[in-house]
Amino acid sequence: MLVIVRDEYESVSKTAAQLLAGKIRRKPNLVLGLATGSTPLGLYKELIRMHEEDDLDFSNVVTFNLDEYIGLPPEHDQSYYYFMKANLFDHININLSNVHVPKGMFGEIEINDLYVDPKIDEFCQWYENRISHFGGIDVQVLGIGSNGHIAFNEPGSSLGSRTRVKTLTKLTKVDNSRFFEKMEDVPRYAITMGIGTIMDAKEIIMLASGEGKADAVSASVEGPITAMCPASMLQIHRKSFTIIDTPAASKLAAEFVTYS
Ligand code: PGA
C-alpha cells in the first residue's frame, strides 16, 4: 500500500486526479470505479478542469459506481446517480451508455433485514457480470466512512462479499442525514459492491480528508485486518494508494511519503 500524505485537501484531490488522468491517457477505455460522498468532490472538479483545459477525453471511459440507496429514483436529488451527473458526468464528454450506477428502484419489492427480494439479487448478479464483461475494474476510487466502511460495506461485512443489499448502520445514517431534511428520510438499505468486488479492482485509490477520518484511516492502514474495519482489507490489495491530508493522517504511527 502506498500512503501519500498531502498538506491539504486540494492537493489530495489534485494528486488523485493526476494519477487518474495518466491512466485515462494511457488507456482511453479505462474501466473506472467511482465513489460518491464529499471526499471525491475535489477530484471530480479537477477532472472536469482537465477535461476543459487539457483535453482529457472521457468518450471511451467506462464507469461503475460503488453503490446506490434503495428506494430513491435516479432523478431524486439525493440519489447517487443524480450526484454523479451533477458533479461529474454532466461536465465531461462521457458516453452515458458507458456509465453504471446500481439501480435503486425495483417497483413492488419486499425487503427486510432477513429477506431480500430476488429481483434485487438478480440485479446484483447482473452488475457483477457487467463488470466482468468489461474485463474488470482497472482503478477503483474509494472514500472511507468514519466507521471504516468502504462503499456501504459496514463493519462486520463479509470480507469476500460481492454486490448485494446492505442495511445501513445508525452511524452511517447519522453521517448522511446532513443531506436529507429529516433523519426518517435517510434510506435504510443500499445496494453496494462487496469488499470482494472492490478487492478485484486492479488498482485502488482511497481518499480521506479531515480529522474526523483519522481514526478510520489509522485502523485501515495500521490496524489488524478485520471485518470490523472493512477498509483494512486494502492492506492485502496488490496495488492500492491511500491519499490523505495531514489531519486525516494525524493518528498514523508510521511515517509515510509526504509531499508539501
Ligand atoms: P464522505 O463519505 O466522503 O462524505 O466523508 C465517505 C464514505 O462514507 O465512504
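Guide: Residues touch, in the sense used here, when they have heavy atoms within 4.5 Å of each other. The structure above is a predicted model.

Visitor: Which residues does serine 157 touch, not counting residues up to four places away in sequence?

Guide: Serine 157 is placed in the loop between S6 and S7, and with 0% relative accessibility it counts as buried, because buried means under 20%. The side chain of serine 157 also makes a polar contact of 3.4 Å with the side chain of lysine 166. Leaving out residues up to four places away in sequence, the residues that serine 157 touches are Arg164, Lys166, Ile195 and Ala227.

Visitor: Is alanine 151 buried or exposed?

Guide: Alanine 151 is found in the loop between strand S6 (139-142) and strand S7 (164-167), and its phi is near 50°, a positive value in a residue other than glycine. Its relative accessible area is 10%, and since the limit for this class is under 20%, alanine 151 is buried.

Visitor: How many nonpolar residues does the contact of H2 with H3 have?

Guide: On the H2 side the contact is made by Leu41, Tyr44 and Ile48, and on the H3 side by Phe83, Met84 and Asn87. By class there is one polar residue and there are no charged residues, while the number of nonpolar residues is five.

Visitor: Which strands and helix are included in what covers the buried residues of H7?

Guide: Helix H7 (residues 214-222) has Ala214, Ala216, Val217, Ser218, Ser220 and Val221 as buried residues. What covers them includes strand S1 (2-6), strand S9 (203-208), strand S10 (240-245) and helix H8 (246-249).

Visitor: What is the relative accessible area of serine 240?

Guide: Serine 240, too, has its place in strand S10. Setting aside residues up to four places away in sequence, serine 240 touches Met1, Leu2, Ile204 and Leu234. Serine 240 is buried, because its relative accessible area is 5%.

Visitor: How far does a polar side-chain atom of histidine 149 lie from an oxygen atom of the ligand?

Guide: The ligand is surrounded by Gly37, Ser38, Thr39, Gly143, Ile144, Gly145, His149, Arg178 and Lys213. A backbone N or O atom of serine 38 lies 2.9 Å from an oxygen atom of the ligand, and a polar side-chain atom of arginine 178 lies 3.2 Å from an oxygen atom of the ligand. For a polar side-chain atom of histidine 149, the distance to an oxygen atom of the ligand is 2.7 Å.

Methods. Residues are numbered from 1 along each chain as its sequence is written. This is a predicted model: local features need pLDDT of at least 70, side-chain atom pairs count only at pLDDT 80 or more; totals for chains, interfaces and linings use all residues. Side-chain values use heavy atoms; hydrogens and water are left out. Buried means under 20% relative accessible area, exposed over 50%, partly exposed in between (1.4 Å probe, protein chains only). Helices (H or I, at least four residues) and strands (E, at least two) are DSSP runs, numbered from the N terminus. Ala, Val, Leu, Ile, Met, Phe, Trp, Tyr, Cys and Pro count as nonpolar, Asp, Glu, Lys and Arg as charged, and the others, Gly among them, as polar. A residue is near a molecule or strand if one of its heavy atoms lies within 4 Å of it. A polar contact is a pair of N or O atoms within 3.5 Å; within protein, one must be able to donate a hydrogen and the other to accept it, and residues adjacent in sequence count only if both atoms are side-chain atoms.
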